Each structure stands twice: as structure tokens, then as C-alpha cells.
Amino acid sequence: MQRRPEERRGSELLSIGAVLAFLRDDFPEVTISKIRFLEAEGLVEPQRTPSGYRKFGPADLERLAYVLRMQRDHYLPLRVIREHLDAIERGEAPPALPVAEARPGPLEEADRELVAASAAPGGVRLGRAELLAAAGAEERDLAEWESYGLVVAAPDGGYDADTLQIARLVAELGRFGLEPRHLRQVKAAAEREIALVDQVVAPLRRHRNPQTRAHAETTARELATLAVRLHATMVQAGLRVRS
């Protein structure tokens, strides 16, 4: 039977490294960057020593374990997990968890990702440390992603919202054992789809009329959306055939 964090160390305050060691028993994918990110999102509030070091108590460990469990087992977004934690703190029962059958398929997931990407502010610029924290990744992970061309920094060394989304998805796939070398096929397929879209919009982009050039960008987004939906639908249909 899994021991509760307070049963492991009583009321002793733990460093972030000790917290990581305990959590990795049940959540091997957790990293220090992930813990810091959850703190930045307000899901845990460790104490701070006068010198600024984090110190986590039993309640903090409970919250972290709960967040990680809800993400791993039920794929809940942080917003919903925060509502669960708030309810628990009020002494109420958290909202009912979704049943496994209610999980979205590839097409629904693709639609969700497209909506999230379209809603992201275009001017977002993250530094390397910020990207790592937001993606819940380590420096060695990012270095490997970049070596395979999955994540690419802008000329100024920053990362935009699209790159952050790519990093998060690559990290999620990694939890299922898919390494960057496995994802080269996904990158190659994306590059082929980009070339296909370019064939259609390149003549519009070269046009002298500014309205025509603006229409090229709208057309490119629509074609990209259709291509992603087609890909997701084919994946969904293929998985259904194999089930």
C-alpha cells in the first residue's frame, strides 16, 4: 500500500531535492522544473528560508502527489485540478472524475490543440529557463529536442507560444516512452504538409496587393487546420480498425 507523504517523514520540512526523490517513487517522470512550474501556477506554496530555499511540508507533498496523479491518471488540466484542491481545502468532496470512456479521441484532441494555439498571444517570448519550467522539462531534454530539430529557438534566442506547445507535447509523448528520435517521422510529415500548403499560398504571398497577401495568411491557417484534422481523423479511423 502506498504510504502517504506525512507517514514517510512525519512533520519534517523537505528540500525540493528530497521532495523529488519521494515523488519519483510513484511518478518517475516528475522533475524539479515540473515542481517549480506547479509552484509558479499556485498549486503548491512551500515555505521559504531566509536565504530563499524552498521547504515543503506534508501538506505540500500531498498536494503535489494529487496534482501529478490527476494529470497522469485522468488527464485533468491544471485549472480543474485547482478547483479540486480548493474544494478539498473547504472540506468538500472534489468534483466527480471523468470516466475513461469520456476521454477525447485524436480528432477532439487535435481540435482542442488548434483552439489553444489560435488563442495564444502571438507576441509571447520565453527565455530558456521559462520554457523549461512551463514544459516541465530538464535542460538535457531541451538540448535533445533541439538536436533533432523538434524545438527551435528564434534568432533572438527566445521561444514563442507555438514552440512552447511543441515542447509540452513532446514532453507528454516522452512519458509514453516515445523519444525524440521516434518523433523524427512526425517532424518529416509536418514538413511535407507545410510544403503542400506553401504550394497553394506561395503565389498569393508574392502578389503586390496587400489584401491578397493578407488573404494568403488566412488561407494558410485554414489549410493547416484542415490538414491537422485530416491527419487526426485518419489516426482515429486507423486505431478503430485495430481495436
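A nonpolar core, as I use the term, is a set of buried Ala, Val, Leu, Ile, Met, Phe, Trp, Tyr and Cys residues joined through side-chain atoms within 4.5 Å. I am working on a predicted model.

**Entry 1: the core**

I looked up the largest nonpolar core and found 42 residues in it. I noted the residues with the most contacts inside this core: Leu 23, Ile 35 and Trp 145.

I then took Trp 145 by itself. Leaving out residues up to four places away in sequence, I found that Trp 145 touches Ala 137, Leu 150, Val 151, Ala 167, Val 170, Ala 171 and Pro 180.

**Entry 2: helix 5**

I turned to helix 5, which covers residues 78–89 and has twelve residues. From first C-alpha to last, helix 5 reaches 16 Å, close to the 16 Å expected at 1.5 Å a residue. Which residues of helix 5 are buried? I read off Leu 78, Val 80, Ile 81, His 84, Leu 85 and Ala 87. I kept in mind that an α-helix has 3.6 residues a turn, so residues three or four places apart point the same way.

Where do the buried residues of helix 5 pack? I traced them to helix 3 (32–40) and helix 4 (58–74). Just after helix 5, I marked Gly 91, which takes a positive phi of about 80°.

**Entry 3: Glu 39**

I searched the whole structure for salt bridges and got 13. I began with the one in which the side chains of Glu 39 and Arg 54 meet, at 2.4 Å, N to O. This pair links distant parts of the chain, with Glu 39 in helix 3 and Arg 54 in strand 2 (residues 54–55), 15 residues apart.

Is Glu 39 buried or exposed? I put Glu 39 down as buried, because its relative accessible area is 16% and the cut-off for buried is under 20%. I also listed what Glu 39 touches, not counting residues up to four places away in sequence: Val 44, Pro 46, Arg 48 and Arg 54. Glu 39 and Leu 64 are 25 residues apart along the chain, and their C-alpha atoms are separated by 9.3 Å.

**Entry 4: Arg 128 and its partners**

I moved on to Arg 128. Its salt bridge with Glu 139 has the closest N and O atoms 3.0 Å apart. Glu 139 lies in helix 8 (residues 139–147) and Arg 128 in helix 7 (residues 128–135), so this pair ties together parts eleven residues apart in sequence.

Arg 128 also forms a salt bridge with Glu 146, and there the closest N and O atoms are 2.9 Å apart. That pair links Arg 128 in helix 7 to Glu 146 in helix 8, 18 residues apart.

Arg 128 counts as partly exposed, at 29% relative accessibility. Glu 139 is partly exposed, with a relative accessible area of 38%. Glu 146 is partly exposed too, at 25%.

Last, I followed shared partners. Which residues join with Glu 39 into one network of salt bridges? I wrote down Arg 48 and Arg 54.

Note on methods:
Residues are numbered from 1 along each chain as its sequence is written. This is a predicted model: local features need pLDDT of at least 70, side-chain atom pairs count only at pLDDT 80 or more; totals for chains, interfaces and linings use all residues. Side-chain values use heavy atoms; hydrogens and water are left out. Helices (H or I, at least four residues) and strands (E, at least two) are DSSP runs, numbered from the N terminus. The expected span of a helix is 1.5 Å times one less than its number of residues. Buried means under 20% relative accessible area, exposed over 50%, partly exposed in between (1.4 Å probe, protein chains only). Contact means heavy atoms within 4.5 Å. A salt bridge is a side-chain nitrogen of Lys or Arg within 4 Å of a carboxyl oxygen of Asp or Glu.
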